[in-house]
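Biologist: I would like to learn how to read a structure like this one step by step, beginning with the general idea each time and then turning to the case at hand. Could we start once it is in view?

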Amino acid sequence: MSKQPRNLGTRRRWLAVAGAATAAVVGLTACGSDSGGGSDETISIVGFAVPEAANKAIAAEFNKTDEGKGVRFKTSYGASGDQSRAVEAGLKADYVHLSVATDVDRLVKAGLVDPSWNTGPNKGIVSTSIVVLGVRKGNPKNIKGWDDLIKPGVEVVTANPASSGAARWNALAAWGNITRNGGTEAQATDYLGKLFKNVVSLTNSGRDATTAFLGGTGDVLLAYENEAILAAQNGQGFDYVIPDTTMLIENAGAILKDSTPAAKSWLDFVLSPEGQKQFALKGFRPLNTAAPGTVDLASVGLKASDIKGAADPADPFPAVKHLLTLDTDFGGGDWGAVKDKLFGDGKDGKPVGIVTKAIADSGKASE
Amino acid sequence: MTTPVQEGRPVATRPALLNHNLTASSGIGLGISMLWFSLLVLIPLAAVIATAAAGGWDEFWRTITNEQTSSAIKLTLKAAALVTLVNIVIGTAIAWVLVRDKFWGKGLLELIIDIPFALPTIVAGLVLLSLYGVNSPLGIEVANTGDSVFLAFLFVTLPFIVRMVQPVLEELDEDVEEAAASLGASRVTIFRRIILPSLAPAIAAGAALSFARAVGEYGSLVLLSGNLPFKSEVASVRILSAIENDNRAGAASIATLLLVISLLVIIVLDVVQRRVARRG
């Protein structure tokens, strides 16, 4: 009796397994798609998800230059931490573009990236943006700045700083808003506690947070200016507010030790006004090593009306009153001063980070 | 090791079974199966457990007893168990309806019951978010609560028991039921003594799949659940957090615990299944 059904069951299971395997193969092939034509060299770009559109535009421009003629690109985009771990584990890359410098440091430790990667005038930074507050159409809750986020009844959506390295910019902005404006660390800790109590959705990536917010969850989305602008360009925009004090987001880029020679000229091109112009068109703030975060569109050959999708079309990248940077406010671009202190997860018996604890406490308090 | 000789029984039975010669083709078949199974399952599983062990017992214990983690594990197991119980009843009922009843649209229902298998989980998550999220058009708002985890599990595990039970039910001889009825057995008795014992192995196998799938589920619930600690955060999200913090041993520890629990559940289901089947 039981013989027959078991066979059928097994067959079904095999079908399911085969189906899953096929889906996985199709998915993988879709990821590693080529772009461009020509014959010379191929540069493998491994990056976090957000700058894909910008990098594509820069690649098209690069192909028009003498150094870039005929260079082909192989690209892979995904969550910053995942991409970094993939390269560490052997994913072929000539150039990495990651959300946080710590994801490049992982590759330095693995011996894949030269330790001097962040010693140039740009300190390893290839693209910049700022943390903004996404709000509902017309800003019905009248959100102006960080203080409004801890008011009762305000629901906040953010990617989870514990599981998404990229979301750590949000937490730094919230923390720095207190410490930069005369508050103590105790007050900043207190603020984070209140903020996470108002969080209704802690997603695992910035993209998921945006999806949840657009799906109707929450009143405020902790977002990045470039994502807000790009979303608007793609017809999925939301209003956003730039708080008086916010954080400069600095995305790291580096070439690997054994990269193809063209990768070096690619990195130079990315950092050139021509490369930064493409970033600006997709919503990033063009690099400004002299005054980080301050935008001079003319320096990259653009005018305000070229940037589509910004909240204020006349001034797409407005000056921020108090702009926090890793260098000036958080002890340097390597995250060393804040990584464990704010985000540590308590492994090896180290104390649990302040943000990690605030997130855990937020759940317990509302039980 | 010698087995004691039992009265009147030839001792040679077991050794003969163990020593029987494989034909060339079945030898190759066994070889390929073992190689395939090892590459895809045994070696990766061993690697996970080895990674967990690398952190040492203290680290393992600290990881899984971390308040936030253990709460996530409890929520996952509770929801998975509940979903499995619901599926045992509803899944069997759906299979029954599909096999025994004739109605308009049956063919269509047959087709779409597999959709949760075929749909990429993140798409499932999006659909669930738009249907049961804030401003739900159906008036059911479960987004960012523990219930959302339960709902997402229900969605992705629905086909398991249906598809396991259905073919068995099709093979079941209705004559036996009629004979039992003509002998005066009530419908309940017929179901309990004749149908259920035959279905038990299929239900148990489906339940095991359903539980195991739920325990590891991530994609379909991640948008809907909000991942709020102590409320709607599941084990797989904790694993992701550990990985993001370069805490591989921690991630593997949680995974190992889930593996062990899933294994135990499968064993328990098998024992129950044998009991029920024997009753027939």
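Modeller: Helices (H or I, at least four residues) and strands (E, at least two) are DSSP runs, numbered from the N terminus. By that rule, chain A has 14 helices and 11 strands. This is a predicted model, in which local features need pLDDT of at least 70 and side-chain atom pairs count only at pLDDT 80 or more, while totals for chains, interfaces and linings use all residues. Residues are numbered from 1 along each chain as its sequence is written, chains are lettered from A and ligands numbered from 1 in the order in which they are written, and side-chain values use heavy atoms, with hydrogens and water left out.

Biologist: What percentage of the residues in chain A is buried?

Modeller: Buried means under 20% relative accessible area, exposed over 50%, and partly exposed in between, with a 1.4 Å probe and protein chains only. Of the 367 residues in chain A, 52% are buried.

Biologist: Which residues of helix 11 of chain A are buried, and what covers them?

Modeller: Helix 11 spans residues 273-281 of chain A, and its buried residues are Gly275(A), Gln276(A), Gln278(A), Phe279(A) and Ala280(A). Their cover, judged by contact (heavy atoms within 4.5 Å), includes helix 2 (52-62), strand 4 (95-98), strand 5 (125-135) and helix 10 (262-271) of chain A.

Biologist: Where does Ser129(A) lie, and why does Ser129(A) count as buried?

Modeller: Ser129(A) belongs to strand 5 of chain A, and Ser129(A) counts as buried because its relative accessibility is 0%. A polar contact is a pair of N or O atoms within 3.5 Å; within protein, one must be able to donate a hydrogen and the other to accept it, and residues adjacent in sequence count only if both atoms are side-chain atoms. One such contact, of 3.0 Å, joins the side chains of Ser129(A) and Asn226(A).

Biologist: How do helix 10 and helix 13 of chain B cross?

Modeller: Axes are lines fitted to C-alpha atoms, for helices over the stretch in contact, and angles run from 0 to 180 degrees between N-to-C directions. The axes of helix 10 (residues 187-216) and helix 13 (residues 248-278) of chain B come within 8 Å and cross at roughly 170°. Therefore helix 10 of chain B is roughly antiparallel to helix 13 of chain B, given that angles under 35 degrees count as roughly parallel, over 145 as roughly antiparallel, 65 to 115 as roughly perpendicular and the rest as oblique.

Biologist: Which residues does Ala204(B) touch?

Modeller: Ala204(B), in helix 10 of chain B, touches Leu269(B) and Gln273(B), leaving out residues up to four places away in sequence.
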